[in-house]
Amino acid sequence: MNTIDETLTNNTLTDNTLTAGTLDNHKSRSYISLQWKLTFLLTLLMLTACILMYFFISRSAVSGMDGLQDYMIQLDPQDGENPITLNVNPLAMFPQLEEEVQNTKNQFMLQSILATGIIILLSSLCTYFITRKTLGPLQKLNQEVRHIQVQNLSTQLAVPASKDEIAQLTSSFNEMLTRLDNAFKAQKQFSASAAHELRTPLAVLQTNLEVFQKKTDPDSSEYKQLFSMIQAQTARLSHLVETLLDMTNLKSIPRSDQVILDELIEEVFCDLDPVAERAGITLVQENKSKETASPSTVTGSYVLLYRAVYNLVENAIKYNRAGGMVTVTLKHGDPQSSDSQSSQITVLVKDTGIGISSENQEKIFAPFFRIDKSRSRAMGGAGLGLALVDSIAREHGGTVKVVESSEKGSTIGLTLPVGQ
C-alpha cells in the first residue's frame with residue numbers, strides 16, 4: 001500500500017510539474033490581445049475607407065481644376081442675330097494662373113493626406129480606449145477564471161449587469177462550475193466508498209492471516225476454514241472490481257443491437273431460476289407487449305440491458321420475503337400513466353418484499369448505498385447493482401426509478417426508448 005501511495009504521489013507531482021511547465025511555456029509565448037486585434041482591424045478598415053475617400057475626392061477636385069484650362073464664352077447680340085461662341089484659354093490670358101493652379105493642387109493633396117492621417121490616428125486612439133472599456137468585463141472574467149481551482153469550484157463569478165454576451169458567458173461558466181463541482185464531489189464520494197469497500201475484505205484477510213500465523217500447530221479444519229475465508233473474500237473483491245470496471249467501460253460498449261425485451265426477460269429468468277428456487281421465490285413474467293401492436297424492441301447493447309434487467313430481478317429476489325414472488329411486466333409509455341401510445345417502453349419489476357421508504361427511493365440508485373448494510377454484505381452485495389442499472393439506463397437515454405412501494409412490496413421501472 002505504501003508503494004502504491006508513493007507511486008500516486010510521484011505521479012501527482014509529475015502531473016503538477018508538467019502542468020506548471022505548460023503554463024509557464026504558455027505565458028512565455030508572445031500573443032496579441034483581443035483589444036489590440038480589434039484596434040488593428042478597425043484602424044485598417046478606417047485606413048481603407050479614408051484612402052478610397054481621398055482617391056475619389058482628390059480625383060474629382062483635380063479634374064475640376066484641370067477644367068479651368070478651357071472656357072467657352074457665349075455672346076448674345078441684342079440685334080437678334082445668332083449668338084457668338086468663343087473658346088477662351090485662361091492660361092493663355094493669365095500665364096501665372098497655371099502655376100497657381102498647380103500650387104493649389106499640391107496644397108490640396110498635402111492637406112488631404114494630413115487630414116486623413118490625423119483622422120486615422122484619432123480614430124485608432126478612440127478605438128483603443130473604447131475597446132479597452134468594452135472588454136473590461138471580459139478581462140475581469142479572465143482574471144477570476146484564472147483563480148478557479150479544484151478546491152474552489154463552488155465559487156460563483158459575479159455576473160455583469162450589462163445583459164450582453166459577456167453576461168451570458170459568465171452565467172454559462174457558473175453553470176459549468178456547478179456541474180463540475182457536483183461531478184468532482186460525486187467522484188470523490190465514489191472513490192472514498194470504493195476504497196472503503198476494497199479495504200474491508202483486505203482487512204479481514206490480513207487479520208485472519210495474522211491470527212493463523214500465530215498458531216503453532218494448526219489442524220486441517222483450521223486450514224479449511226482459512227481457505228474458505230480467503231475464497232469468500234477474494235470472490236467478494238473480484239465481484240467488486242468487476243462491477244467497477246463495468247461501470248467505467250459503459251461508454252465503450254456499442255449500443256446498436258435490436259433487443260427484444262420479451263426474449264431478454266426469459267433469458268434472465270432462466271439464469272436466475274436456481275437462485276430464486278433456493279430462496280423460495282416464484283418468478284412470473286407478464287408480457288403485456290403481446291396484447292398491443294406496439295413492439296417490445298429497443299435499440300441498445302444486449303449485454304448491458306441484460307445486466308440491467310438481471311440486477312433488478314436479482315435485487316428483487318434478494319430483498320424479498322420467504323415464499324414471495326417477483327413479477328416482471330412490459331408496459332408501453334409512462335409506467336405511472338394509462339397512456340400506452342408512446343415512444344417508450346418500461347420493464348416493471350415487482351417484488352413482495354418489505355418496501356422502500358420514501359426518503360430512500362432515490363438514494364438506492366447511488367453507488368455503495370445500502371438500506372440494510374449487514375444484510376447486503378451477508379448476501380455478497382457491494383451496493384453497486386442498482387447504481388449500474390441507473391448508469392446503463394442513462395447510457396440508453398432512459399431512466400430507472402421506484403414506481404411504487406409499500407409494506408407489501410416495491411415496483412421498480414426501467415424505462416427505455418423504443419427502437420428506431
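At what angle do helix α7 and helix α11 pack, and how far apart are their axes? We'll get there after a quick look at the whole chain.

## The model at a glance

This is a predicted model, where local features need pLDDT of at least 70, side-chain atom pairs count only at pLDDT 80 or more, and totals for chains, interfaces and linings use all residues. Residues are numbered from 1 along each chain as its sequence is written, and side-chain values use heavy atoms, with hydrogens and water left out.

The protein chain has 11 helices and 9 strands (DSSP runs numbered from the N terminus: H or I of at least four residues for helices, E of at least two for strands). Of its 420 residues, 30% are buried (under 20% relative accessible area; exposed is over 50% and partly exposed in between, with a 1.4 Å probe and protein chains only). The accessible surface is about 27700 Å², and carbon and sulfur atoms hold 57% of that (Shrake-Rupley method, 1.4 Å probe; for residues, only the protein chains shown count as cover). Among contacts (heavy atoms within 4.5 Å) with a separation of 6 or more, 68% join residues 24 or more positions apart.

## Helices α7 and α11

Two packed helices are described by the angle between their axes and the distance between the axes. For α7 (residues 220–248) and α11 (residues 385–395), the angle is about 15° and the axes sit 10 Å apart (axes are lines fitted to C-alpha atoms, for helices over the stretch in contact, with angles from 0 to 180 degrees between N-to-C directions). That makes the pair roughly parallel (under 35 degrees; over 145 is roughly antiparallel, 65 to 115 roughly perpendicular, the rest oblique).

On the α7 side, Thr-243, Asp-246 and Met-247 meet Ala-387, Leu-388 and Ser-391 of α11. By class, that contact has 3 nonpolar, 2 polar and 1 charged residues (Ala, Val, Leu, Ile, Met, Phe, Trp, Tyr, Cys and Pro are nonpolar; Asp, Glu, Lys and Arg charged; the others, Gly among them, polar).

## Helices α8 and α9

Helix α8 (residues 261–279) packs on helix α9 (residues 302–318) at about 30°, with axes 10 Å apart, so these two are roughly parallel as well. Residues in the contact include Leu-264, Phe-269 and Val-275 from α8, plus Tyr-302, Val-309 and Ile-317 from α9. The class tally is 15 nonpolar, no polar and 3 charged residues.

## A look at Lys-140

Lys-140 sits in helix α5 (residues 136–146). Its relative accessibility is 51%, so Lys-140 counts as exposed. Ala-158 is 18 residues from Lys-140 in sequence, and the two are 9.8 Å apart, C-alpha to C-alpha.
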